[in-house]
Amino acid sequence: MGTATAGGLCALLLVGIVSPVLLPDEWRMLPMAVFHAFCHQLADRSPHVDGIQLAVCWRCMGFYAGLVGGALLLPLVGRGDAWINGNAKWLLLGALVIMGADWAGPQVGYWDNTWASRMTTGLLLGTVAGYLFARALAVAFRGQPKFDESAFEREAPIHPTQTT
């Protein structure tokens, strides 16, 4: 339930992002205004389709796409979920540091970032956030996420102090 809900909500965001291309001219500014609260929407840093600017920049596009992808990863991770959940703050921090470095590099003159680096760093952060969002919804709806671990089942070792 968490994956479907999170994936669906995040996919709706993607529809809103590409909607300027789908809407008539008189309605095009509506999604632009909605997403302007979250994104700078600089034309030279934003994707365009047939000359029409999408509602977010490349980095935000990667982030929102990553939200969907991360949500869809939840049922596929299996036993790795415990590790991801236990290291969630470090995964988020790492993704933020990488994104911050991509932003800071041009600010201090070390390198120029590109649409691909902006989208990739957004995708990385979005994937982590999307996974954790789907996991939080799964926990809220039904407790800890359930995974099919039959392939990993084995007899638990007996502690040396236990008797049989």
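**Helix α2.** I looked up the buried residues of helix α2 (residues 29–36) in this predicted model and got P31, M32 and F35; buried is under 20% relative accessible area, exposed over 50%, with a 1.4 Å probe and protein chains only. They cover an arc of only 105° around the axis, which puts them on the same side of α2; the arc is taken from the directions from the helix axis to the C-beta atoms. On the face turned away from that buried side I found the exposed residues M29, L30 and A33.

**Conventions.** I number residues from 1 along each chain as its sequence is written, and side-chain values use heavy atoms, without hydrogens and water. The model being predicted, local features need pLDDT of at least 70 and side-chain atom pairs pLDDT 80 or more, while totals for chains, interfaces and linings use all residues.

**Whole chain.** I noted six helices and two strands, taken as DSSP runs (H or I, at least four residues; E, at least two) and numbered from the N terminus. The order along the sequence is α-α-β-β-α-α-α-α. Of the 164 residues, 35% are buried.

**α5 and α6.** I then checked helix α5 (residues 88–107) against helix α6 (residues 115–142): the angle is about 165° and the axes are 9 Å apart, with axes fitted to C-alpha atoms over the stretch in contact and angles running from 0 to 180 degrees between N-to-C directions. That makes α5 roughly antiparallel to α6 (over 145 degrees). The contact (heavy atoms within 4.5 Å) includes L91, L92 and D102 of α5 and R118, L125 and L132 of α6.

How values were computed:
Angles under 35 degrees count as roughly parallel, over 145 as roughly antiparallel, 65 to 115 as roughly perpendicular and the rest as oblique.
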